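User: Hi! I've got a structure open and I'd like to walk through it with you. Can we start with the charged pairs?

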Amino acid sequence: MKRLVPAVILVLLTGPLAFSQSSTWAIDGAHSGVDFAISHMAVSKVRGHFGITSGTIVFNQTDIGKSTVQATIDVSSVDTANSQRDTHLKSADFFNSASFPSASFVSTSVAKSGDGLTVTGNLTLHGVTKPVVLQVEGPTGPVTGMMDKKPHSGFSATTTLNRTDFGIGANFPGAMVGDQVALTIDLETVQQ
């Protein structure tokens, strides 16, 4: 009986800690990215893609508010399926990727929102940092990777930015290049 009491106390003390611990997930850049859509002359939409070079999600299932997200986006990887336009987008007229080759996102809060999450954070793009709010679906149920044998899980997020808030394409009026940019971020993450 004397040995049972300390064991019970140990379980009671460590049990809540085990359930509140966070898991760390690395963003798999080969299976993740940021897609964008922007109006061109109010006639059509131009769509493009950026790669994600790195990032980490610390996910706390029992206390979502303790979760965090950080990611680095490769701005120089911009791809709109038109090399001439991509070169122009990388120039000082738009992203100036020579001076600002990457963008970063760091969360400031994570909260449950219906079936998904709301992630608020700071996006630094083109040397400007502004708060953004992401509406997130996920995480998906984990699946064991065939090659690495680690759990993989996915997230999908959406938001809309105003390009002029970040000083991008300041010399191009909204009638020519839309001000609002719709983003869709798809992440595959690997538990560490």
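**Charged pairs and a threonine**

Analyst: Happy to! This is a predicted model. Let's begin with Asp63, which is partly exposed, its relative accessible area being 32%.

User: What does Asp63 form a salt bridge with?

Analyst: Its partner is Lys66, and the closest N and O atoms of the two are 3.8 Å apart. Lys66 counts as exposed, because its relative accessibility of 51% is over the 50% cut-off.

User: How many salt bridges does the structure hold?

Analyst: Two. Besides the Lys66 and Asp63 pair, Arg163 forms one with Asp179, where the closest N and O atoms are 3.4 Å apart. Arg163 sits in the loop between strands S9 and S10, while Asp179 is in strand S10, so the pair ties together parts 16 residues apart in sequence.

User: And is Arg163 buried or exposed?

Analyst: Buried, at 5% relative accessibility. Asp179 is partly exposed, at 29%.

User: Why can side chains like these pair at all?

Analyst: Side chains of opposite charge can do so when their charged atoms come close.

User: New topic! Where is Thr80 found?

Analyst: Look at the loop between strand S4 (68-79) and helix H2 (83-90). Thr80 is buried there, with a relative accessible area of 6%.

User: Which side chain does the Thr80 side chain make a polar contact with?

Analyst: That of Arg85, at 2.9 Å. If you leave aside neighbours within four places in sequence, Thr80 is also in contact with other residues, including Phe36, Val46, Gly48 and Leu89.

How values were computed: Residues numbered from 1 in each chain as written. Predicted model: local features only at pLDDT ≥ 70, side-chain atom pairs only at ≥ 80, totals over all residues. Heavy atoms only, no water. Helix = DSSP H or I, 4+ residues; strand = E, 2+ residues; numbered from the N terminus. Buried < 20%, exposed > 50% of the residue type's maximum accessible area, 1.4 Å probe, protein only. Polar contact = N/O pair within 3.5 Å; in protein donor to acceptor, adjacent residues only side chain to side chain. Contact = heavy atoms within 4.5 Å. Salt bridge = Lys/Arg side-chain N within 4 Å of Asp/Glu carboxyl O.
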